Amino acid sequence: MEPINIESTPKTPSIKFIQEESVIEIKGRSIPENSIEFYKPLVDWLEEYARDPLKKTVVNIQLEYFNTSSSKCILDVFKKLEAIHKSKHDVAINWYYEEDDEDMLEAGEDYESIIRIPFKMIEIVD
Amino acid sequence: MSFNLKEYYSNLSKGDVILAYKGSITSELINDILEAVEKKLEEADADSKLRKKIYNVLVESLQNLFHHIEMAHEGIQEELDPKFGILVIIKDGEFYKVTTGNFVNAKRIKFLKEKIDKINTLSKDELKDMYKFILNHQKLSAKGGGGLGLVDIARKSGNKLEYDFYQYNDDYYFFNLTISV
């Protein structure tokens, strides 16, 4: 299938699928007013991907900011990944946060407590 | 005496003002404000943790306005732009104070007041639980709001939400919300 590739904007993150590394990467800011519209292509892509996923999928999330409207869409993305994980395919989420950004760490922990996929919290140190 | 918008705005914009705006709250305006404030905070050399908190609170406050303000205000004798709202950011001692203001239909006041009062009674852990519950159980509304904005603002700021409703006429109140970060 076509790998997803969305460029970042000041209000939305970049989204990439790097097939040779089995990595999905979401990076930047996610603060659009209409997050459903922004995340729909990713949610649709994951639905398609879930039909025949790689043996292992690594998801790197590196967000500087996200708004509460995005937070629900990100949960939808995680739920799609959870379904892949349940179908006996490896899924791992790396949640990156900047040094000392306790709010972002906590946000990752919120998701970790809701979603049954292994999370790794990774602090980015300058 | 009924609410005087001019007086209210000029009282609000006193002291060390970082930014003061009144008018239409559009998506483009939100971009401009965020960009301007980010630059100012960098120049002011605010600590990066604090800067992020302010930025987050600002995004939620502006988007709350964006999603909830009314297009037009019938019976309000002011020259108002469509989607009229106010945003003022001041530095007050150690705190940055973000204030938003908008006209609210009298019918919505009870809901808003109860929601804010409830949030203000909650501890840090209770706010976290409430946030997670809403995140996991409530659908996004058609407007794009998810009912999480105020909870998130309270969590990130670590302070109580200060609010007032000033009566304008029988149908409208002016809703003032101040967040200290």
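This briefing covers selected features of chains A and B. The model is predicted: local features need pLDDT of at least 70 and side-chain atom pairs pLDDT 80 or more, whereas totals for chains, interfaces and linings use all residues. Residues are numbered from 1 along each chain as its sequence is written, chains are lettered from A in the order in which they are written, and side-chain values use heavy atoms, without hydrogens and water.

**The sheet of chain B**
- Strands β3 (residues 95–105) and β5 (residues 172–180) of chain B run antiparallel and are joined by 9 bridges.
- K97(B) is opposite S180(B) in β5(B).

**Residue N56(B)**
- N56(B) belongs to helix α3 (residues 48–68) of chain B; helices are DSSP H or I runs of at least four residues.
- N56(B) is buried at 9% relative accessibility, where buried means under 20% relative accessible area with a 1.4 Å probe, protein chains only.
- Not counting residues up to four places away in sequence, N56(B) touches Y65(A), F66(A) and K156(B); contact means heavy atoms within 4.5 Å.

**Residue I24(A)**
- I24(A) lies in strand β3 (residues 23–30) of chain A and is buried, with a relative accessible area of 2%.
- Beyond four places in sequence, the contacts of I24(A) include W45(A), V58(A) and L81(A).

Note on methods. Helix = DSSP H or I, 4+ residues; strand = E, 2+ residues; numbered from the N terminus. Buried < 20%, exposed > 50% of the residue type's maximum accessible area, 1.4 Å probe, protein only. Pairing = 2+ DSSP bridges.
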